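Hello,

Here is the structure we talked about handing over. My notes follow below it.

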Amino acid sequence: MDTNEKQTKKLTLTSLILMIFTSVFGFANMPRSFYLMGYGAIPWFILSAFTFFIPFAFMMSEYGSAFKTEKGGIYSWMKLSVGPKYAFVGTFMWYASYIIWMVNISSTIWIPLSNALFGKDTTANWSILGLNSTQTLGLLGVIWILAVTFTGSKGLEKITKVTSVGGTAVALLNIVLLIGAIIVLVLNGGTLAEPIVSAQSFIKSPNPSYQSSISVLSFLVFAIFSYGGIEVVGGLVDQTENAEVTFPKGLTIAAFIIAIGYSVGIFLTGIFTNWNNVLSTEGVHMGNVAYVVMQNLGYELGQGFGLTEAASLSLGAWVARFVGLSMFLALSGAFFTLSYSPLKQLIEGTPSELWPKKMTVIEDGMPKNAMWIQCIIVFVFILLISFGGEGAAQFFTKLVLMTNVAMTLPYLFLSGAFASFKKKKEIKKPFEIFKTYGSALAATIIVTFTVGFANFFTIIEPAQNGDISSTIWMIVGPLFFTIVSLILYKRYENKIGNKEIKETA
C-alpha cells in the first residue's frame, strides 16, 4: 500500500513544469529589468537561459538524484564531490546570501506597505526623530529584524501561512499585467507607449546609467538572479514519473516557458510604460519601480476607457495598493521562513564541531541562539549601509546589487564542483543528463564562467561610474562571510585534527 501511495504522488510532466515555474518565476524581475534595460533586457534573458539556467538545472538534478539519501543538502553534495573545506565555504556563502537578502528586505519591505496604505511609495518622505528617509528606513529595518527574530525564536511557525496568501496574490499580478497590457494596447489602437524604433531598441538601454559596455554586461547578473530558485529542482528527480525521460523534458520546457515569460513580461511593460515619461522621473528607483509600473498600468487603463484624470489616478492608486499588499504579505511570509530555515539547515547539515556549542542548541524546533547572532549581524549591516550618507535611490540600488551578487555567488561553488562530481566513479549516479565527462566539464566551464563574468562586471560597474561605495559593499559582504567561514573551519581543524576530517569526508 505504501508503494502504491508513493507512486500516485509522482510528479507528471505538467506538475513538474508548474512546480519549477512557481519556484523560479518572479514578478518584480520584469519591471526591474525594463527599468534597467528597456526592451534590451530581453536578449540577456534568452542568453542566460542557455548559458546558465538550463545546464545548471540539469546539474542540480544529477546532484539531487545521486545524493538523495544524504541529509546535509548542498554541503553533502560538495563535500563528497570536492572536499569538506570547499563544501563548508560554499555552503556558508549560500547561507550568507540569505543574510544579505534579509538586510535588503528589512529596509525595502516598507515600500510595498506604503503602496498598500497610500496607493504610492511615500517612503522618500518618511522621517523618525529628524532622521532622513534612508536612515529612517534603516531604523525601521532594525526594528523589523528584531521583531521577526523575537517572534520566530518562540517557534511560531504558523505565521508563515501568510506566504501562501501573498504568493497567490503575486501570481495573480502576472495575469493582471498580461490582460491589462493587452487591453491598453487595443484601446490605444496598437500603439506602444515605449516605441520600437529599430533593432537597436532590443540592444540599447533607455536608462542613462546603462549606456556603457560594462554596465550592459553587468545586467547579466540580474538575468541570472531572475532564474534563482532552481536549487529546489535537485530534490525533484526521484519524485518524478519516468524521470529519465520526463525530467529533462520538463526542465527544458519549463526553462523555455520561463525565459519566454520574462521576455513577454518585459515587452508587455513597454506597451503601457514610456521609459522617459514614467521611469526617468525623480523618486523612481530599484526598490519601488514594480509599484510605479503597475500604478501606471491602472492609470493607462483609466485613460484608455475615457475616465477623467482624477479617476485614472485613483484607479492607478488602487492597482498599486493591490500590488503593495500582495508583495508585503509574500515578503513577510518569506522573511519569517528564511529567518530560521537556511540557518537551521546550515547548522544541522554540517558537522556540529564547526560551531560553538550554544549555536547548535535547537529549542521549539528553532536554533534560538544562532538566530539572535544572525539578528545582530543583519542589524549591524543595516545600520552601516543606511547611515552611510546617501540618497534613497542609491541606497536601494546598492541593496539590490548586493543581494544579486550574494545570491548568485553560491552557484559558482555548486557548478565548480560538478566536474569533480562526474569524475568520481565511486559516486553512484542513477540519473544522468551529461552522459560523458567532456559534456559535464563543458557545462561546468560555461555555467561557472557565465556567473563569474556577470558578477565581475556587476561589481566593477559602479566604480567605473565613480560610485566606489557600491563596489566596495558588493565586495565587503561576500568577503566578510568568506573570512568568517575560513576562521570557523580553521577552528574546526584545530579542534578535531586534519586526519579525522579526511576520514569523515
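**Salt bridges and overall make-up**

The count of salt bridges comes to two, where a salt bridge is a side-chain nitrogen of Lys or Arg within 4 Å of a carboxyl oxygen of Asp or Glu. This is a predicted model, in which local features need pLDDT of at least 70 and side-chain atom pairs count only at pLDDT 80 or more, while totals for chains, interfaces and linings use all residues. Residues are numbered from 1 along each chain as its sequence is written, and side-chain values use heavy atoms, with hydrogens and water left out.

Glu 62 lies in helix α4 (residues 41-66) and Lys 422 in helix α19 (residues 418-423), so the pair ties together parts that are 360 residues apart in sequence. Helices here are DSSP runs of H or I with at least four residues, and strands are runs of E with at least two, numbered from the N terminus.

Lys 422 also meets Glu 432 in a salt bridge (2.7 Å, N to O). Glu 432 sits in the loop between α19 and α20 (437-464). Lys 422 is buried at 7% relative accessibility, whereas Glu 432 is partly exposed at 26%; buried means under 20% relative accessible area, exposed over 50%, and partly exposed in between (1.4 Å probe, protein chains only). Shared partners join Glu 62, Lys 422 and Glu 432 into one network.

As for the whole chain, it has 22 helices and zero strands, and buried residues make up 54% of its 505 residues.

Regards
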